[in-house]
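Please look over the structure shown below before reading on. The report after it is meant for a reader new to this model.

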Amino acid sequence: FRSGKLLASIVGNVNANQCIYLGDSTTFFSNQSGINQIAIGINALNKRTYGQLNVAVGNNALSTLASGYQSNTGIGGDALRFLATGENNTGLGYSALYGLTSGSNNVAIGRDAGLYISGNQTGNIQNLACSGNVFIGYRASPGTSGVINSIVIGTNANGVGNNSTVIGNINTTSGVIFGQTQFPHGLYWSSGSIASGGALVAVFGSGTILSGNIASEIGRAHD
């Protein structure tokens with residue numbers, strides 16, 4: 001720090017309580033008060049006039065967060081940069097949840113995680129609003145706007161909508177699950193038949209095997 005920069009940061013936050021602010025002085029002129037907050041980096045928590053339990057580490061992290069919101073964590077340059085209204089969001093990685101402007105209870109881990117609507121997005125269609133989601137992996141994305149309660153895991157993985165889980169991307173060719181696996185709502189094949197070239201096999205108890213067109217026999221998803 002240059003001493004003038006550090007002094008300006010302190011003077012601009014005379015009502016701060018148990019806070020750490022390290023960065024360019026312009027970062028903290030508007031951050032007039034706060035409780036248990038950490039801001040490290042140019043423009044980190046720049047717009048905050050009051051808040052608590054927010055952590056911003058990296059240039060422009062949480063730089064747009066409005067007054068009155070709490071418990072957000074942005075670690076990495078531009079992480080949660082445009083979040084204005086929302087709580088309990090965590091973005092770890094460069095540009096994680098970069099475009100999100102409103103939403104709560106989201107977790108994004110990885111560079112550009114939750115940034116775009118689509119994981120392979122090359123334009124600028126950003127994810128602006130969502131809540132209760134988990135995005136893990138480079139450009140793991142919701143797949144559509146306004147998604148609620150989805151889990152998306154994998155590089156360039158795309159979600160499929162509300163209340164859904166996606167593991168892997170379109171290039172994934174196999175998967176392995178060890179241990180007992182439960183399907184509380186049964187097994188369901190949406191087309192009602194085995195996909196061309198594929199196979200669906202269900203094993204019940206000790207050795208009872210059903211295969212072929214078994215959707216009508218074990219489909220319980222909509223019962």
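## Basis of the model

This is a predicted model, in which local features need pLDDT of at least 70 and side-chain atom pairs count only at pLDDT 80 or more, while totals for chains, interfaces and linings use all residues. Residues are numbered from 1 along each chain as its sequence is written, and side-chain values use heavy atoms, with hydrogens and water left out.

## The chain as a whole

The protein chain contains two helices and 13 strands. Both are DSSP runs numbered from the N terminus: helices are H or I with at least four residues, strands are E with at least two.

Of the 223 residues in the protein chain, 37% are buried. Buried means under 20% relative accessible area, exposed means over 50%, and partly exposed lies in between (1.4 Å probe, protein chains only). The accessible surface of the chain is about 11,800 Å², and carbon and sulfur atoms hold 55% of this; the areas come from the Shrake-Rupley method with a 1.4 Å probe, and for residues only the protein chains shown count as cover.

## Confidence

The predictor's confidence in each residue is given as pLDDT, from 0 to 100. Its mean over the protein chain is 77, and 67% of the residues reach 70 or more.

Over residues 1–11 pLDDT stays under 50, and the model has 11 contacts beyond four places in sequence for them. Residues 189–201 also have pLDDT below 50, with 20 contacts beyond near neighbours in sequence. A contact means heavy atoms within 4.5 Å. Where pLDDT is low, the predicted coordinates should not be read in detail.

## The sheet

Nine strands make up an open sheet with parallel pairing, in the order E2-E4-E5-E6-E7-E8-E9-E10-E11. Two strands pair if DSSP finds at least two bridges between them. At the edges stand E2 (20–22) and E11 (164–167); each has a single partner strand, so one side of each is left without a neighbour in the sheet. On average, neighbouring strands are turned by 5° against each other, direction ignored.

Within this sheet, strand E5 (residues 55–57) runs parallel to strand E6 (residues 73–75), and three bridges join them. Ala56 has Gly74 in E6 as its bridge partner.

## An aromatic pair

The count of aromatic pairs is one. Rings of Phe, Tyr and Trp (its six-membered ring) pair if their centres lie within 6.5 Å; planes under 30 degrees apart count as stacked, over 60 as edge-to-face and the rest as tilted. The ring centres of Phe82 and Tyr98 are 5.1 Å apart and their planes stand at 85°, so this pair is edge-to-face.

Phe82 lies in the loop between E6 and E7 (90–92), and Tyr98 in the loop between E7 and E8 (107–109), so the pair ties together parts 16 residues apart in sequence. Phe82 is partly exposed, with a relative accessible area of 32%, whereas Tyr98 is buried, at 17%.

Definitions and conventions
Axes fitted to C-alpha atoms, helices over the stretch in contact; angles between N-to-C directions.
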